[in-house]
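Please look through the sequence and the model below before reading on.

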Amino acid sequence: MAAPDTHKIPTTIVTGFLGAGKTTLIRHLLEQAHGRRLALIINEFGDVGVDGEILRGCGVESCPEENIIELANGCICCTVADDFVPAIEALLSRGERPDHIIIETSGLALPKPLVKAFDWPTIRSRLTVDGVVAVVDGAAVLSGTFADDPELVAQQRAADPSLDHDNPLEEVFEDQLLCADMVVLNKSDLLSADEKARARAQIGALLPRAVKIVLTSEGRVDPELLLGLEAAAEDDIEARKSHHDDEPEHDHDEFESFVIHVGPLADPEQFIAKLSAIAEQHDVLRMKGFFAVADKPMRLLIQGVGRRFRQHFDRPWRRDEPRHGQLVVIGETGLDRAAIAAAVA
């Protein structure tokens with residue numbers, strides 16, 4: 001009888017704020033897996049799994065659909081015991097072990113609690129955190145979406161290590177960077193050379209140690225660069241500081257999400273212009289969803305970060321699939337849901 005395989009499966013945690021491009025990056029990794037058998041665990045903030053549906057539609061051999069697990073009961077950093085550990089155990093109980101596991105956290109999740117879970121006895125003996133990859137939307141950083149003044153924040157923190165922040169967006173964004181082994185500065189095609197340099201400088205000012213920053217667009221990063229970092233992040237968890245280290249538990253009361261059902265679109269461009277205006281008026285962080293377009297057999301995927309939106313037809317509607325749209329809206333707590341829904345209609 002062959003001896004059991006005691007090799008730990010490397011696991012990459014892909015973190016990053018809402019709309020940074022995590023799903024796009026992961027899809028590229030699947031398409032360029034170079035023979036690796038991958039498994040995915042996808043966590044979303046909200047009830048409708050848009051990211052999971054996007055990745056299931058890849059149809060690539062490197063990651064069969066049964067190797068894609070979606071966790072939709074809340075941010076993974078808050079549901080480690082209830083969701084993550086059982087998901088890992090179910091994945092590893094299947095016949096063929098994956099060569100590498102990729103975990104996509106929600107855009108509001110803190111990576112550190114998840115890394116800590118890899119020190120649990122049932123996990124530590126079988127998995128290791130190969131690396132934490134933080135995906136960053138370069139244009140959002142430069143617009144000041146995540147930090148009012150990163151250089152000033154860094155100076156203040158150096159002068160007063162106990163300093164906390166009142167901005168929950170900033171805290172989530174910084175905690176993702178503070179835990180990272182690599183930062184992917186995505187959507188760099190939207191930036192000039194000077195803007196790229198400024199974005200790198202702003203991110204670098206927040207990083208607590210030497211971490212490589214990789215510039216890319218559309219999440220196109222060579223898997224050989226991202227997979228195989230061998231960071232064993234669970235072994236130096238104390239070096240990965242967080243704004244929430246002293247909290248008994250973390251929640252996401254500062255944020256909320258809801259779903260609006262949308263009928264077939266007559267004019268997608270006009271609909272997107274309407275969403276952009278809504279995002280500005282109501283300070284919406286993220287909108288995304290699938291939609292039917294009149295007289296079109298394909299399903300339209302629309303994704304927005306603030307006022308910036310993009311769209312493409314991702315696949316034909318299935319014959320037995322109801323052709324109705326669902327728009328996921330995410331923002332800070334206090335969104336005027338009725339007004340937003342009325343404006344979408």
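Across which strands does helix α11 lie? Helix α11 (residues 268–282) lies across β8, β9, β10, β11 and β12, running at about 140 degrees to β11. This is a predicted model, in which local features need pLDDT of at least 70 and side-chain atom pairs count only at pLDDT 80 or more, while totals for chains, interfaces and linings use all residues. Residues are numbered from 1 along each chain as its sequence is written, and side-chain values use heavy atoms, with hydrogens and water left out.

Helices (H or I, at least four residues) and strands (E, at least two) are DSSP runs, numbered from the N terminus. Five strands form an open antiparallel sheet in the order β8-β12-β9-β10-β11, where two strands pair if DSSP finds at least two bridges between them. Because β8 and β11 stand at the edges with a single partner strand each, one side of each is left without a neighbour in the sheet.

| Strand | Residues |
|---|---|
| β8 | 255–262 |
| β11 | 308–316 |
| β12 | 325–332 |

Eight bridges join β8 to β12, and Val 262 stands opposite Gly 325 in β12. Helix α12 (residues 337–344) packs on the sheet, touching β8 and β12, contact meaning heavy atoms within 4.5 Å.

Helices α11 and α12 pack at an angle of about 160 degrees, with their axes 10 Å apart; axes are lines fitted to C-alpha atoms, for helices over the stretch in contact, and angles run from 0 to 180 degrees between N-to-C directions. The two helices are therefore roughly antiparallel to each other, a term for angles over 145 degrees.

Definitions and conventions. Angles under 35 degrees count as roughly parallel, over 145 as roughly antiparallel, 65 to 115 as roughly perpendicular and the rest as oblique.
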